[in-house]
Amino acid sequence: MARFRSFAQFYPYQLHEHRTCRWLHFAGSRGVLAQVILFVVLCFVSIQSYRTGFRQRGRRSDQPLLNRRAEQLIGRVVVLDRGIANGIGPARIDDAFWGGAGVDLPAGSTVHVVAVDGTPLKVPSA
């Protein structure tokens, strides 16, 4: 093997010795590039096909209020443990206290839950 003093002397020798290998490197790098491009294109195609074909739009549930606990309480009649003063007060429903908003009422009053505004329940007198 010859000794080279500079890259300018070495490079022609390198090209001559690896002429077949150069073609394989060139073809291989183009093949990898083609695979990456194909992968990206197929990813976009699969995402679009999922969005249009597999994901159901406007699904109807047999329990539309399942994760809306406050809205499930609309229509219930409850008895106030403590009264509503200055338009707000707690109402005990099952094992939880809910904030109630409505007209001032004494403790023990029966109220009907008519609406939900965030957490507070709208409870006019029954």
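Author: A salt bridge here is a side-chain nitrogen of Lys or Arg within 4 Å of a carboxyl oxygen of Asp or Glu. Heads-up: this is a predicted model, where local features need pLDDT of at least 70, side-chain atom pairs count only at pLDDT 80 or more, and totals for chains, interfaces and linings use all residues. Residues are numbered from 1 along each chain as its sequence is written, and side-chain values use heavy atoms, with hydrogens and water left out.

Reader: OK, what makes Asp94 and Arg76 a salt bridge?

Author: The closest N and O atoms of Asp94 and Arg76 are 3.1 Å apart, so the pair passes the cut-off.

Reader: And why do you say that the pair ties parts together?

Author: Asp94 is in the loop between β2 (88-93) and β3 (96-101), while Arg76 is in the loop between α3 (69-72) and β1 (77-79), so the bridge joins parts 18 residues apart in sequence. Helices (H or I, at least four residues) and strands (E, at least two) are DSSP runs, numbered from the N terminus.

Reader: Why is Asp94 called exposed?

Author: Its relative accessibility is 55%, and exposed means over 50%, buried under 20%, partly exposed in between (1.4 Å probe, protein chains only). Arg76, at 30%, counts as partly exposed.

Reader: How many salt bridges does the rule give?

Author: The count is 2. Besides Asp94 with Arg76, there's Arg68 with Glu71, at 3.7 Å from N to O. Arg68 has a relative accessible area of 46% and is partly exposed; Glu71 is partly exposed too, at 34%.

Reader: Switching to rings: how many aromatic pairs turn up in the whole structure?

Author: The search finds 4. Take Phe7 and Phe10: their centres are 6.3 Å apart and their planes at 50 degrees, so the pair is tilted.

Reader: How do you know whether Phe7 is buried or exposed?

Author: Phe7 comes out at 59% relative accessibility, so it counts as exposed. Phe10 at 28% is partly exposed, and so is Tyr11 at 41%.

Reader: Which residues do the ring pairs link into a cluster?

Author: Phe4, Phe7, Phe10, Tyr11 and Tyr13.

Reader: What makes Arg82 a charge over a ring?

Author: The charged end of Arg82 sits over the ring of Phe97, 5.3 Å from its centre.

Reader: Last one: where does Gly99 sit, and what does it touch?

Author: Gly99 is in strand β3 and is partly exposed at 30%. Leaving out residues up to four places away in sequence, Gly99 touches Gly89, Thr119, Pro120 and Leu121 (contact means heavy atoms within 4.5 Å). Gly99 and Gly118 are 19 residues apart in sequence and 9.9 Å apart in space, C-alpha to C-alpha.

Notes:
Rings of Phe, Tyr and Trp (its six-membered ring) pair if their centres lie within 6.5 Å; planes under 30 degrees apart count as stacked, over 60 as edge-to-face and the rest as tilted. A charge sits over a ring if NZ of Lys or CZ of Arg is within 6 Å of the ring centre and within 35 degrees of the ring normal.
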